[in-house]
Amino acid sequence: MLLLVTALIALVVVAGLQRPNATGTAVPQDVPAPPTVGACLPSAPPGEPDQYPPSQLLPAATFGPCAELHYGEVAQVLSHRPAVANEIVGGDERTYIGLPTSIEESNWVSPINTSIVWANPTALQQAAGQQWVACIVTPGSSTPYRGTVGQALNTGRLPAVYSSCLAGTDPHTPLVPCSSPHRSEVLGQASPRLIAGGQAHLDAMCMTYAKTLTRRADFEADGQLRARSLSEHFGPSPTDSLAGLDPDYPSSNNSQSTCIVSATGSRLLTASLLGIGDGPLPLG
């Protein structure tokens, strides 16, 4: 009897060993394509602003329509990853937004409130050979917005979260959201080259710069707007701020000037003027 049981167990073991392996069909997994310039992110992008090289992955599912609330948009996609970030940027952020590139006007340092986030392909995309790196433009405030910043100063309106607005007419008055009532909007900080030309030159160039950024032929709109470059210099103490350019500039090198556009009269601005064109002014 024992011999019979042993024989049966051996037969079962041999049969199990001779059973063919299970077979099946491999199912290919779709690999998302790289992001495209202008794609928008409906959730906050991964990574810290200006961190390079990027350590974050950017799943394709994070992209959505720009008409809905989103946190940023892809300004540039390179097929490879350069060793350092300045091999990528090189003015492309300004180009994407549509900032002026003329030599004179580019001497204004733009106050447009942006941050850059870099991102990599996902592990699946990397396994498929994708080695791109994406440059994502986001508002510095990390506030979601609708619309696009892409070429906004050439063909559209800059979303308010990218602008810098003031409660009053002085550069030192508090910053306020450009979507709320405000008196002024900051257009740029003058470079030392512009300051060296003197106050009259600064005011003239501020007006030219304002016309370019707003795309308004009649910038002052029958006296409803005023553009000027407010200059100041510092006294013996760094906390002393004195109106006007330092008479000893440029040897003193302690002057600065800010191009500001303000609403005149009692009405306040209710939106950014950047890219507004010749349509009605946002006055409330």
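The link between C206 and C259 is right-handed, with 80 degrees about the S-S bond. In this predicted model, the sulfur atoms of C206 and C259 lie 2.1 Å apart. This pair links distant parts of the chain, since C206 belongs to helix α6 (residues 199–214) and C259 to strand β10 (residues 255–263), 53 residues apart. C206 has 0% relative accessibility and therefore counts as buried. C259 is likewise buried, its relative accessible area being 0%.

A disulfide is a covalent bond between the sulfur atoms of two cysteines. A search of the whole structure finds three disulfides, and the link of C206 and C259 is one of them. When the bonded cysteines of the protein chain are numbered in sequence order, the pairing reads 1-2, 3-4, 5-6.

Another disulfide is formed by C40 and C66, with their sulfur atoms 1.9 Å apart. The torsion about the S-S bond of C40 and C66 is about 85 degrees, so this disulfide is right-handed. C40 and C66 each lie in the loop between α1 (2–18) and β1 (73–78), so the pair ties together parts that are 26 residues apart in sequence. Are these two cysteines buried or partly exposed? C40 counts as buried because its relative accessibility is 0%. C66, by contrast, has a relative accessible area of 21% and is therefore partly exposed.

The remaining disulfide joins C165 to C178, whose sulfur atoms are 2.0 Å apart. Here the torsion about the S-S bond is about 105 degrees, so the disulfide is right-handed. C165 lies in strand β5 (residues 165–166) and C178 in the loop between β6 (175–176) and β7 (184–190), so the pair ties together parts that are 13 residues apart in sequence. Both C165 and C178 are buried.

The strands β3 and β4 come next. Strand β3 spans residues 114–119 and is mostly covered, five of its six residues being buried. Strand β3 is joined by six bridges to strand β4 (residues 133–139), and the two run antiparallel. Within this pairing, S115 has T138 of β4 as its bridge partner. In a regular strand the side chains alternate between the two faces of the sheet. C135 has a relative accessibility of 6% and so counts as buried.

The description now turns to the nonpolar interior. In soluble globular proteins, nonpolar side chains tend to be buried together. The largest nonpolar core of this model has 42 residues, and those with the most contacts inside it are W108, I112, L153, L158 and L187. Which helix gives the most to this core? Helix α6 does, with seven residues.

L158 can be examined individually. Leaving aside residues up to four places away in sequence, L158 touches I97, I112, V149, A152, L153, S163, S272 and L274. Among these partners, I112 and L153 are also listed with L158 as residues with the most contacts inside the largest core.

A second, separate core has six residues, including A39, V74, V117 and A119. Strand β3 covers residues 114–119, a range that takes in V117 and A119 of this second core.

Note on methods
Residues numbered from 1 in each chain as written. Predicted model: local features only at pLDDT ≥ 70, side-chain atom pairs only at ≥ 80, totals over all residues. Heavy atoms only, no water. Buried < 20%, exposed > 50% of the residue type's maximum accessible area, 1.4 Å probe, protein only. Helix = DSSP H or I, 4+ residues; strand = E, 2+ residues; numbered from the N terminus. Pairing = 2+ DSSP bridges. Disulfide = S-S within 2.5 Å. Core = buried A, V, L, I, M, F, W, Y, C linked by side-chain atoms within 4.5 Å. Contact = heavy atoms within 4.5 Å.
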